[in-house]
Structures are given as structure tokens and as C-alpha cells.
Number of protein chains: 2
Amino acid sequence: MYEGGMERLPQITALRSFEVVARCLSFTQAARELNVTQGAVSHQVKGLEKLLGVRLFHRERQRLRLTDAGTGYLPFVREAIDRLKAGADYLDARENSGVLTVSVSPNFAAKWLVNRLGVFSASHPEIDLRVTASLQHVDFNSKDVEMAVRHGHGDWPNLHVTKLAREEIFPVCSPDLLREGAALESPEDLAQHVLLHDASRNDWPIWCAAANLDTIDVSRGPSFDQTSMVIDAAIAGQGVALARSALAAHDLRTGKLVRLFNVTLPAPYGYFIVSPKASSDHEKVRKFRAWLVEEAGADAAALATTV
Amino acid sequence: MYEGGMERLPQITALRSFEVVARCLSFTQAARELNVTQGAVSHQVKGLEKLLGVRLFHRERQRLRLTDAGTGYLPFVREAIDRLKAGADYLDARENSGVLTVSVSPNFAAKWLVNRLGVFSASHPEIDLRVTASLQHVDFNSKDVEMAVRHGHGDWPNLHVTKLAREEIFPVCSPDLLREGAALESPEDLAQHVLLHDASRNDWPIWCAAANLDTIDVSRGPSFDQTSMVIDAAIAGQGVALARSALAAHDLRTGKLVRLFNVTLPAPYGYFIVSPKASSDHEKVRKFRAWLVEEAGADAAALATTV
DNA sequence: TTCATACATGAAAATATTTAATGATACGAG
DNA sequence: CTCGTATCATTAAATATTTTCATGTATGAA
């Protein structure tokens, strides 16, 4: 199997056995410490001695003694094991605190995260959160990203998925517009207002259909290429927007937007927290997920009272 | 099997696989370097990632990249492997040169080794020979001794045994005595000489029986507790000794002793070079053994011409 | 002597690793 | 665009290694 110049590195179990035996000077006791039988330790040490071609212990009547070779070899083994433990510690430390990189869409970042991150950071100073916004779903295989918030159906195989928020669509406008503009008592009043669209320009036609409203011209009004910009335009009093609940929730709670009428369109997608299975139970991932879910729960509770 | 605080150290194969893959950034190429299949490397790295609970590589379309975790972990692994290699090198260095400890009987040391060691040391300056003389056979299990010359039947199980010399018993005396003392033409002439005995005082009776000689009183003469002293007494011209071939060979070759008559008694024992199987093929052991055998061969050749 | 303790050992059982075959995906050349 | 090549992943089967189990041997104590 193995050839000439091959490196014959000993097995870790053999090295560990050697190290423990060298410390206890007893196979039996070492076996106890290693949670194996005495025979296993005996075999391991014997195998190591054979591999190295050197006797590591003097087997004397009642006691064990290291040979000169064993005495000289021991520190190398101790250092090697130490490095491995240090490596494991390094990985633990790095996973249990430090940087948490989260990928979200630019919209979610702008309308959901940015307004609340301060709260999270204040209560979790040990977590150094890094938000990376991208239109595409992040590929966990090729980026050092531990979790993401995604908009979709929640069907991502091989990922740990937690539902964050359902999504509904309903009209919103700024409180100023409601107070000072033309009346907005019923859907029909929209005829007197600017309709704000997203890039698809599909939402208003669908909503109007749901509201049995065919008296207004849904082709009117400006459109924006980012959902967040539609909402921001509404906040600025530019007109009436169709908001998606998750993204508008914060502005509704803080009174920058008000919800109009009582016609709500369920949206096909929802927001989900996803992470690779391997990192899904890391301390910092769990903490951030719990916080997201809590915030979303508060949003939902607040939304339920807006109409 | 393993519980809570258990140390989960990775297997060496997994670490080596990781290290090579990190260097090649290719499972396939790493597999070639490790002389295993690509699948084996894939399994190993996957297992390591699972054990550590961390992704070590980004698997991208065409290439592999270390994750941050992998990048940080790699140096620990390199150091650990390096320590292990250094340990192996240390053992190799210590076995391939440096000290060679040989256990022999005091007689063999005095009458065989001491006169020739200079030659060996001169031609093998890299070997630091340490001779330890003891009456008892050394216990390789409890002493840092790599080889021994033993007197016996050559039946030592578990040891590597090489025959060094047969043993014969015959009368010797100093050339001065032969030249200047009473005649020593035939065994009967021994009646006129002092017989030198070892502690057992058995040899002369047996030799006389073999020589069909019943005319002399074998109870005469001093005895010595070490065989070497019997020979030294003969060299000093104190009388005629029954020498054992191996121990007298050097003095015969250098003319300090002469062999008498033609009656030789085969001795039941011989001299053997023994060493633990593990160290029997070490460079320095092989060298010293070869030298011993060569010297013994020269002795035998020289002895064959003495009568 | 007999008991208790410690290490060695050989065969069987339990695990782990490696292979071989195949799948999936991406890239580049016609 | 399709094929051929190269890469990594995955599965079950073949191997190899490790551990246990059941003893064996030797020593020191009672």
C-alpha cells in the first residue's frame, strides 16, 4: 500500500495513547482516562512503537518507564496535540462570537434592518454584525456568509429555514397626505391621488381587482425600481403606494405611514431566515435569528391594529 | 461513546488531506499526491468539516477556495504535522547515528573488545559506542541497550540472533614459557608445569580425559574467578591455561600466547550477537554487528593455522 | 501458596477508510 | 449549442483499522 518516501505519520489515537500513558505511566490508568480498554491502549502503543521502529517504554516488573527515545519523542507529540487543540479552540472562538455575516436584499436592508440594527448591536455587543446586501440569493458554498434573509417560498433544500414574516399587500400613504390632501375615505377616492408603482406596475391592477374597483386608471403614476423607493416616495407624501407588509411595518409603527382602507392582498412570497445546516445552531446565529423573529412578531402584532 | 468535554481530535489522514488540498486547491490533485482516490479525499475533508462543525473550503464552479475558517485553521494543522515530522526525524537521527550501547560480559569486554575497539571507532567515527559490562544478560525491556554479545546456546526467542564464534578449549601458554621453561612437547609434559584453572576447576580434568592423559595431577595450580584472569596469568608466564578460543584469539594472533598440542575440546556454548528485533536493522547496529562478525572471522582463520 | 494487579496477545466484533462506479455541474472546443 | 473533459459529491461494497473480549504471564503482597 504505502511506498518508499511516504510519510508515515502516526494515528492520532496512537499519539494520544502514548501521551496519556507517558503521563500516567500505566496502561490501565491511561485506558480509563481514554475511555477504552487496557488492551486497546496496549495495541495502540505497540503499533506506534512498531511504526516508529523504536521502543517507547521499558516494561518492567511493576512499573512502566519511558525509554530515552520515548522521552525525546514525547515533547514533539505534546506540541502536535497542543497545536491541534489550539486549532479547535480557534475555530470555536471564531464561531461563538466575533463576526456574523448576514446577506439580505437591498430592500430588506433599507426598510427593515437599518432602522433596528442599533437595538440589536446594543444588546449584543459581542456580535460584530456585517450586513451584505445583494439582489441575488447568496451562495453559501462560495461566500463566507453564515445566514441570510430571503424572500421566497421557503423551499430551500439543504438549508436551515425559519419563517420570518408572511407578506400582505395594502395601500399606504403619509399621514400628512391623509390629513391635508384630497379625501381618502374609500378606494374610489384613489382617483384623486397619485398612484406609486414598483417596476412591475402589476400591483395596483391586481389590488383594484381584489377591491372590485374599476373606476380608476391604474396606469397613472411614477414607478420605482426598488420597493424601498416606492415606500420612501409614499413617506414623502408623493402619493399612495401599495406596500408589502414586512417592508412597511416599521414605518407604519413609527407613524411615517398610515394604512388605508381594508382591502388586503395576500402576497405569494414570505420572508425566511436561512443558514447552512452546519452553522444553523451556532450561538451567534441563534441569537440573531431569535432577535429577527422577535422583531417580526412585534411587527405582526402592531400591524394587526392598524386597520 | 464520547462524552461532553471529550477532546475530539481529528484523524491524521483527515488533517493531511486538508493540508494537501489547501495547498493544491484541488481534491483530484491532492488525491494523486496522497496516493488515494479523489473520493477518499472528499470523504476525509467532509469528515473533518463535520467534526469541526465548520466549512473549510468554498466549492465553487471550477475552483476550490479556503473559507476564512479554513485559512485560520490551516496554520495550526501545518504546525501539528510539522511537529510530528520533527519527532520522527528526531527518532531517525537518534537511531541512525549517535550512541550505540552494547552490553557484554566483563570477560568478553576485557579479552575481546578492548583490544579492537580502537579500530572500530577509527573507521566509524559517527558511532559513539558505549560498552556496558555485566555478568547478567541484559534485559532489553528495561535498559536502553541496543545490542549485546552473549555466551550461550543461541536460543533467545524474540531477539535477533547472529552467531559470532564457536568455542573450543585448548591449552595455551606464553611463548616465553614455551621457549625457556620445561619442555612442552606432548601433553605428558604438563606434569612439569603449573596448571591455571578457572573458578570451576573442571576444565583440566575434562581436557585430560579427552587427551587420554591420566598421568598428571589436575588438582594442582591456582584458580581465578574470571576467565580473563586465567588468560592473563598465562600471558604473564605463570603456567599453562585452558583457553576458550574466542577469548584467547587476540592474544594468540598477537603472539602473546601460543597454542599447545593438538587436543581440542569443543565447548558447549558459543558467542552470539543479539538485539531486539525492532533495533536489529538499525544502521549503527548493522555496522557494529558486521564489524564483530568480520573480526571473529579473522580470528577463526588465524586460529586454524596455530596448530 | 494464593490473591490481586498489571501488561501482552490473539481472535472476533465494531468502526472507519478507501475504492469503484456513477451523478451532477461547469467549461471550452468545435 | 452540443459534446467531451474535468471537477467534486455520493453511494455501496471492499478493506483496513481499532477495540473488545477472554485469557495468558509475571510480579508483589498477604
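Reply: Happy to. A residue is near a molecule or strand if one of its heavy atoms lies within 4 Å of it. This is a predicted model, in which local features need pLDDT of at least 70 and side-chain atom pairs count only at pLDDT 80 or more, while totals for chains, interfaces and linings use all residues; side-chain values use heavy atoms, with hydrogens and water left out. Residues are numbered from 1 along each chain as its sequence is written, chains are lettered from A, and ligands are numbered from 1, in the order in which they are written.

Let's start with DNA strand D. It is surrounded by 19 residues, the closest being A:Thr37, A:Gln44, B:Thr28, B:His43 and B:Arg59. At least two residues each come from helix H3 (38-52) of chain A and from helix H2 (27-34) and helix H3 (38-52) of chain B, and H3(B) gives the most, with 5 residues. By class, this surface has 4 nonpolar, 12 polar and 3 charged residues (nonpolar: Ala, Val, Leu, Ile, Met, Phe, Trp, Tyr, Cys and Pro; charged: Asp, Glu, Lys and Arg; polar: the others, Gly among them).

Of the atoms of DNA strand D within 4 Å of the protein, 66% belong to sugar or phosphate and the rest to bases.

Now turn to DNA strand C. Sugar or phosphate accounts for 65% of the atoms of DNA strand C within 4 Å of the protein, and bases for the rest. A:Arg59 has a polar side-chain atom 2.6 Å from a phosphate oxygen, and the side chain of A:Ser42 has an N or O atom 3.3 Å from one. B:His43 reaches a base instead, with a side-chain N or O atom 3.3 Å from a base oxygen of DNA strand C.

How are the two chains arranged behind these surfaces? Chain B can be laid on chain A by a turn of 179 degrees and a shift of 0.0 Å along the axis, with an RMSD of 0.4 Å (a least-squares superposition on the C-alpha atoms of residues with pLDDT of at least 70 in both copies). The two copies are thus related as by a two-fold rotation axis. B:Ala80 is the residue of chain B that comes closest to this axis, with its C-alpha at 2.0 Å.

Finally, the chains touch each other through 45 residues of chain B and 45 residues of chain A, where contact means heavy atoms within 4.5 Å. Since 98% of the interface residues of chain B are also interface residues in chain A, the copies meet through the same surface.

How values were computed:
Helix = DSSP H or I, 4+ residues; strand = E, 2+ residues; numbered from the N terminus. Polar contact = N/O pair within 3.5 Å; in protein donor to acceptor, adjacent residues only side chain to side chain.
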